[in-house]
Amino acid sequence: MNAWLIVLIAGLLETGWALGLKYSDGFTKPIPSVLTVVGALASFWLLSIAMKDLPVGTAYAVWVGIGAVGTAILSVFLFGDPVNLMRVLGVLLIIGGIIALKFA
């Protein structure tokens with residue numbers, strides 16, 4: 001499987017476990033807690049596989065960027081997080097950084 005696809009999947013799982021932290025309520029809710037831990041472990045594992053073929057700094061930055069962007073966007077819809085110009089510009093800058101690293 002393509003290393004970039006693996007990083008993408010790992011980043012999406014990162015979004016899932018980051019949101020799962022909120023749903024787990026400090027790891028007091030069993031099902032969201034288990035899903036969060038499983039998602040985190042799967043995300044780390046996939047990232048480690050991608051790092052076999054990609055530079056560590058690039059893979060890690062792209063993974064974090066996907067997770068950060070996904071979490072920021074979904075938290076608006078799921079938790080009513082605020083949307084303002086600075087947050088939108090910040091997300092766009094992260095996306096620009098991910099694209100730049102992909103082609104670097």
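Which residue lies over the face of Phe 103? The close-ups below answer this and show the ring contacts. This is a predicted model: local features need pLDDT of at least 70, side-chain atom pairs count only at pLDDT 80 or more, and totals for chains, interfaces and linings use all residues. Residues are numbered from 1 along each chain as its sequence is written, and side-chain values use heavy atoms, with hydrogens and water left out.

**View 1. Lysines over phenylalanine rings.** Lys 102 lies over the face of Phe 103, at 5.4 Å from the ring centre. The charged end of Lys 22 sits over the ring of Phe 79, 5.7 Å from its centre. A charge sits over a ring if NZ of Lys or CZ of Arg is within 6 Å of the ring centre and within 35 degrees of the ring normal.

**View 2. Trp 17 and Phe 44.** The whole structure holds four aromatic pairs (ring centres within 6.5 Å, using the six-membered ring of Trp; planes under 30 degrees apart are stacked, over 60 edge-to-face, the rest tilted). Here the centres are 6.0 Å apart and the planes stand at 55°, so the pair is tilted. Trp 17 belongs to helix α1 (residues 3-23) and Phe 44 to helix α2 (residues 30-50), 27 residues apart. Helices are DSSP runs (H or I, at least four residues), numbered from the N terminus. Trp 17 is buried at 18% relative accessibility; Phe 44 is partly exposed at 41%. Buried means under 20% relative accessible area, exposed over 50%, partly exposed in between (1.4 Å probe, protein chains only).

**View 3. Phe 44 and Trp 63.** Centres lie 5.7 Å apart with planes at 50°, so this pair is tilted. Trp 63 is buried, at 4%. Ring pairs link Trp 17, Phe 44, Tyr 60 and Trp 63 into a cluster.

Methods
Helix = DSSP H or I, 4+ residues; strand = E, 2+ residues; numbered from the N terminus.
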